[in-house]
Every structure is written in C-alpha cells, then in structure tokens.
Amino acid sequence: MTKTMWAWAKLLIGAGILVALFLQLGTQSFVDGLRVITVGEIFAALGIGLATTVLSAWRWCLVARRLGLRLSLPRAVLDYYRALFLNAVLPAGVLGDVQRAVEHGQQEGDLGRGVRAVVLERIAGQAVIIVAGVAVLLAVPSLGLPRDIILIILGVLAVIAVAFVAAKRWVRGNTGLSRTIADIRAGLLARNAWPGITLLSAAALAGHICLFVVAAHAVGSTAPIAQLVPLMVLSLLAMGLPVNIGGWGPREGVAAVVFGAAGLGAAQGLTTAVVYGVLALVASLPGAGVLILRAPVLRRLEKAL
C-alpha cells in the first residue's frame, strides 16, 4: 500500500510541476518546443544518443565484469537502448533499468548481483552529475540562486540517502549487507575500476550537455555556450529527482528558474527543456527496434557486431 501511494505521489508531483509551469508561463513554450525541431536536430539527437548510449553501456560492462558477471558491449548497448526507450515512454522512468537488471541477472544466474550492477552503474552516472552541479555552484556564484540550488542539491542527496537505506534493508533480507559492500568496493571503488567508470560517466555527461546545446540553438538562443552549460548541468541534476513523468517535470521547472535568473528568460528555459526532452526521446527510439526484435535475432546481431 505504501509503495503504491509513493508511486502515485511521484507522478503527481511531476504532473504538479508541469501544471504550475503551464499556469505561470502558458502553453506556448511547449508548443514552440515541438515546432522548432528540424531534421538536423533529429539526426544530431540520434548521433549524440548513439555516443552516450555506447558510453553508458560500456560503463555498465565495466561494473558488471568487476562483479563477476559476463556482459559483452554489443549486448549491453542493445539492452541499454531498450531501457532508455522504456524509461522515456513509461511514467515511472526507471522500468527499463529494472528490466535490464532483472533479465541480465537471471541470465547470469545471480539476480541480486545483476540488479546491483545496474544500480551501481546508475549511481556512478548520477554521482558525476552531482559533482558537476556542485562545481557549477562554486565556480558560477553569479547565478543568484543559492536557495533554489541548495534545495535541489539537498533533494538529490536526500533521494540518494533514502535509496541507500531502502537498498540496505532489502539487501539484509536477501543477500547480506557485507556482500553489497563488497560489490561496491569491487564494482566502483577499486583502483582499476573507478578511473574508467568516472571517465565514461564524464564523457556521457558531456554528450547530454551537447544535446542540451543543440536544443538551445534550436530554440534560437544566442547566449554563449559558457553561459549555457552551467544552466544545463543544473537542469540535468534535477532529472535525478524521482518525481517525474517519464523524465518530465523537475527538469523543465529548474530550466525555467535558472534561465530566468541568468537573464535569458524563463520561457526560453522551459522551451529549451521541452526540446531537449523531445530530442532525448528521439535518441532513444532505436530501443523500440530492440523491443521488436526476437531473442534469436538479438543473439545473431550480437555475434555480428
């Protein structure tokens, strides 16, 4: 009952943010976000999406292999594409990750370790975004959003803390906390693991920022990239909050706030975030093809790659 209530609460919060934006800024920003996208932006999204997906799938491979699980890069890329597509089209925003974790764990005969590999891989990506967000706050104090940004960071950290506590309780009841700690040390913190994982996470973040820049230029923003990047990092940081509808909600709200505070206009920030959301969905569309393909076809494709 509690899980169901929390699931609905997350969706309602995300929907509430979007409704508030509608009431404050009107619907034109959302409409403009669909009108400005051209074939050039679509191809850019597919290309950038391919790069970020390969980088993220490679990170998953590194973590999984450190935990003793077999996972080839071609198979990881296919599964990651499918997960991204499901995350984008399903309200919860994480069901794709759940599927790839469970499926890989069952195939390897260790469901718990398969799940932990995906959780640790996602934590690594979020950790880099959080570090980048904090760096933005320290390097660009002129944003003028101390209260708002502190709330965002505290919110993200609170989510991570709650997730850790929940995972800790689950692990105790199933596989033991010591095993999870051992997997964290082996999968993320080992000296021959964390440099590569950090580098891949940073490169993937750079790809997401590039997609945001494409979205900003599609909207018609003339602001220099040096001014846009900090705003985009903070918008991506907000996506770590699990109170969204398929990724929509906090990202758009924060983008409107930070763009407005930077003097670029809240409406431009909202439209940029909308365009980014649409382009991110476009970038995940190859995952729909993976869903359609049958398992034997996937195996043959993996061998061909």
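A: Start with the word "buried": a residue counts as buried when its relative accessible area is under 20%. One thing to keep in mind is that this is a predicted model.

Q: Okay, take S235. Is S235 buried or exposed?
A: S235 has a relative accessibility of 0%. The cut-off is under 20%, so S235 counts as buried.

Q: Which helix is S235 in?
A: S235 sits in helix α10, which covers residues 225–238.

Q: And what is S235 in contact with, leaving aside neighbours within four places in sequence?
A: The contacts of S235 are with F212, R251, V254, A255 and V258.

Q: Let's step back. What are the elements of the whole protein?
A: There are 14 helices and zero strands. Read from the N terminus, the order is α-α-α-α-α-α-α-α-α-α-α-α-α-α.

Q: How many residues are there, and what share count as buried?
A: The protein has 305 residues, and 43% of them count as buried.

Q: What about the surface?
A: The accessible surface of the protein is about 14900 Å². Carbon and sulfur atoms account for 70% of that area.

Q: And what share of the contacts is between residues 24 or more positions apart?
A: Taking the contacts with a separation of 6 or more, 72% are between residues 24 or more positions apart.

Q: New topic: salt bridges. How many are there in the whole structure?
A: A search finds 10 salt bridges. In general, side chains of opposite charge can pair when their charged atoms come close.

Q: Let's take R59. What does R59 meet in a salt bridge?
A: The side chain of R59 meets that of E121, at 2.6 Å from N to O. R59 belongs to helix α3 (residues 39–66) and E121 to helix α6 (residues 111–139), so this pair ties together parts that are 62 residues apart in sequence.

Q: Are R59 and E121 buried or exposed?
A: Both are buried. For E121 the relative accessible area is 0%.

Q: What about R100? Which residue is it bridged to at 3.0 Å?
A: That is D97, with 3.0 Å between the closest N and O atoms. R100 and D97 are three residues apart in helix α5 (residues 95–108), so about one helical turn separates them. Both R100 and D97 are buried.

Q: Which partner of R100 is at 2.7 Å?
A: R100 also forms a salt bridge with E121, where the closest N and O atoms are 2.7 Å apart. R100 lies in helix α5 and E121 in helix α6, so the pair ties together parts 21 residues apart in sequence. Through shared partners, salt bridges join R59, D97, R100, E121 and R122 into one network.

Q: Last topic, helix packing. How do α4 and α12 cross?
A: The axes of helix α4 (residues 73–89) and helix α12 (residues 266–284) come within 8 Å and cross at roughly 140 degrees. The crossing of α4 and α12 is left-handed.

Q: Which residues make that contact?
A: On α4 they are Y81, L84, F85, A88 and V89, and on α12 they are L281, A283 and S284.

Q: How does that contact split by class?
A: The contact of α4 with α12 has seven nonpolar residues, one polar residue and no charged residues.

Key: Residues numbered from 1 in each chain as written. Predicted model: local features only at pLDDT ≥ 70, side-chain atom pairs only at ≥ 80, totals over all residues. Heavy atoms only, no water. Helix = DSSP H or I, 4+ residues; strand = E, 2+ residues; numbered from the N terminus. Buried < 20%, exposed > 50% of the residue type's maximum accessible area, 1.4 Å probe, protein only. Contact = heavy atoms within 4.5 Å. Areas by Shrake-Rupley, 256 points an atom, 1.4 Å probe, with all protein chains shown as cover. Salt bridge = Lys/Arg side-chain N within 4 Å of Asp/Glu carboxyl O. Axes fitted to C-alpha atoms, helices over the stretch in contact; angles between N-to-C directions. Left-handed = near helix turned anticlockwise from the far one by under 90°. Nonpolar A, V, L, I, M, F, W, Y, C, P; charged D, E, K, R; others polar.
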